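Welcome! Take a moment to look over the model below, and then we will walk through it together.

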Amino acid sequence: MFRIWIYLNFKFFFKSICKFGTITECKKFIKDCLKKQSKKKNVLLFSQCRVAFYFILKFLIQKTKKKEVIICAYNLPEMINIIQNLNLKIKFCDLNQKTSSIDISHIKENISKNTLAVVITNIFNNYNDTKKIRNLAKKYKIPVIEDNAIYFDNFTTINNKKYYAGSLGDFSIYSFNIMKNISSFYGGAAATNNKDFKKFYENEEKNLKTFSHTALIRQILIFFILKIMSVNIFYKYIIRYLVKVVHELKIKFLLEMFYPSLKKIDQKFPKYYFSKISEISLRATYLQLKDKKKRKELFFSRKNKHRFYKKKFSILKKKNFNFIKTDDENYQNFLDFPLLVKNKNKLNKYLLKNGIEVRFKHYYNCAKMFKSSRICPNAERYERELVCFPTHFNIKYSYINFIANKMNKYF
């Protein structure tokens, strides 16, 4: 079964291109939804999550004149590239070996009078660790940028009250790109209580162009290709063999479609960075956010599959792998089931041979990639050992059983 499943369905896609609903209505609903989740007064829409990140940093530079950004080394290279292209100094922190969150002791070491912002990437962290970092930054009057691209709809419960991921940052950024929880080809948002940033971006937005039709058409084409590949009968008899060959021969353009993070880092910003979110993306986002029932079903379906994987993998020989520590099943409801394994190249070949595709590439040790003097052994280990097993809507429990049996034979 294909590991990629795009949340956007064909019904919503065709409604989006047929100009269903007014743009004003779509924008208002999206903003109201994110305001409620983030507990912020202002929500602004962008062509991508990383573009929101770019404008937040640009605003903070103008306001404070500071030049250092603290961020986790285990990250998406494109995010680090934005910091570097703005001529800021990157202060990398490693993952904490026990919690898998960014190591708070490293943040303390890196804080200085020149710290522009602390960036928290929601990937394996829990609510309490994030809150500790927020409180530390608050003590030094440093803004926190919470990258909530992956944790959309994730929450923790305190005294019977829900607190969503994205509610802790001074700036919280969201992604609606094609493989995220809300799949709208391109798109992003930022939530904040900072009125000055709202004024700053609204002024900047006046100079932004219409989103690139070429980039959008290319992404729509990828959407159709991935949708066809996820049809089970095609995957069973054709696609599984294609995927195996792609990995064996390392066919670059197909690997980059399966793993967008493999794309070469652009030292210069692409032109579509400086454009508005497209109307198609706005409508697609609106339709998916409005379908609360399906979002809830997907959330709990994924959570239950995480439990089932954990149960099945717990009987394997644990010297060969490690689980990611999970304290809160709702907040740490990962898009896939993560596992740290030794010699993941060998395991991946074995799984592909048996018709099982996993997420082989995730984030990277950006401290090493960007030639930092900071050594981050845990980020390096996660890049080297992390594999993620699919938990999407179409994954059956019988298929997880099949994977567990093959894993048992392998170990």
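Here is a short tour of a sheet, some aromatic rings and a cavity. Keep in mind that this model is predicted.

- Seven strands build an open sheet: 7 strands in the order 1-10-9-6-5-2-4, with mixed pairing.
- Strand 1 (42-46) and strand 4 (89-93) stand at the edges with a single partner strand each, so one side of each has no neighbour in the sheet.
- From one strand to the next, the twist averages 20 degrees.
- Strand 9 (residues 171-175) and strand 10 (residues 188-192) run antiparallel and are joined by 5 bridges.
- Ser 172 has Ala 191 in strand 10 as its bridge partner.

**Aromatic rings**
- The whole structure holds 49 aromatic pairs.
- One of them is the edge-to-face pair of Phe 59 and Phe 197, with 5.4 Å centre to centre and 65 degrees between the planes.
- This pair links distant parts of the chain, as Phe 59 sits in helix 3 (residues 49-64) and Phe 197 in helix 7 (residues 195-205), 138 residues apart.
- Phe 59 is buried, with a relative accessible area of 5%, and Phe 197 is buried too, at 0%.
- Tyr 350 and Tyr 410 form a tilted pair, 5.0 Å centre to centre with 40 degrees between the planes.
- Tyr 350 belongs to helix 13 (residues 344-353) and Tyr 410 to helix 16 (residues 397-410), 60 residues apart.
- Both tyrosines are part of one aromatic cluster, whose members include Tyr 309, Phe 337 and Phe 411.

**Cavities**
- A search finds 5 cavities of 30 Å³ or more.
- The largest cavity has about 120 Å³ of space.
- Among the residues lining the largest cavity are Arg 50, Asp 147, Lys 180 and Tyr 363.
- By class, this lining has 5 nonpolar, 3 polar and 3 charged residues.

Conventions:
Residues are numbered from 1 along each chain as its sequence is written. This is a predicted model: local features need pLDDT of at least 70, side-chain atom pairs count only at pLDDT 80 or more; totals for chains, interfaces and linings use all residues. Side-chain values use heavy atoms; hydrogens and water are left out. On a 1 Å grid over the protein atoms alone, a cavity is a set of points where a 1.4 Å probe fits but cannot get out, and a pocket is an open set with protein on both sides within 12 Å along at least five of seven lines; lining residues have an atom within 4 Å of a point. Grid points are joined across faces, edges and corners, and a volume is the space filled by probe spheres set on the points. Ala, Val, Leu, Ile, Met, Phe, Trp, Tyr, Cys and Pro count as nonpolar, Asp, Glu, Lys and Arg as charged, and the others, Gly among them, as polar. Two strands pair if DSSP finds at least two bridges between them. Helices (H or I, at least four residues) and strands (E, at least two) are DSSP runs, numbered from the N terminus. Axes are lines fitted to C-alpha atoms, for helices over the stretch in contact, and angles run from 0 to 180 degrees between N-to-C directions. Rings of Phe, Tyr and Trp (its six-membered ring) pair if their centres lie within 6.5 Å; planes under 30 degrees apart count as stacked, over 60 as edge-to-face and the rest as tilted. Buried means under 20% relative accessible area, exposed over 50%, partly exposed in between (1.4 Å probe, protein chains only).
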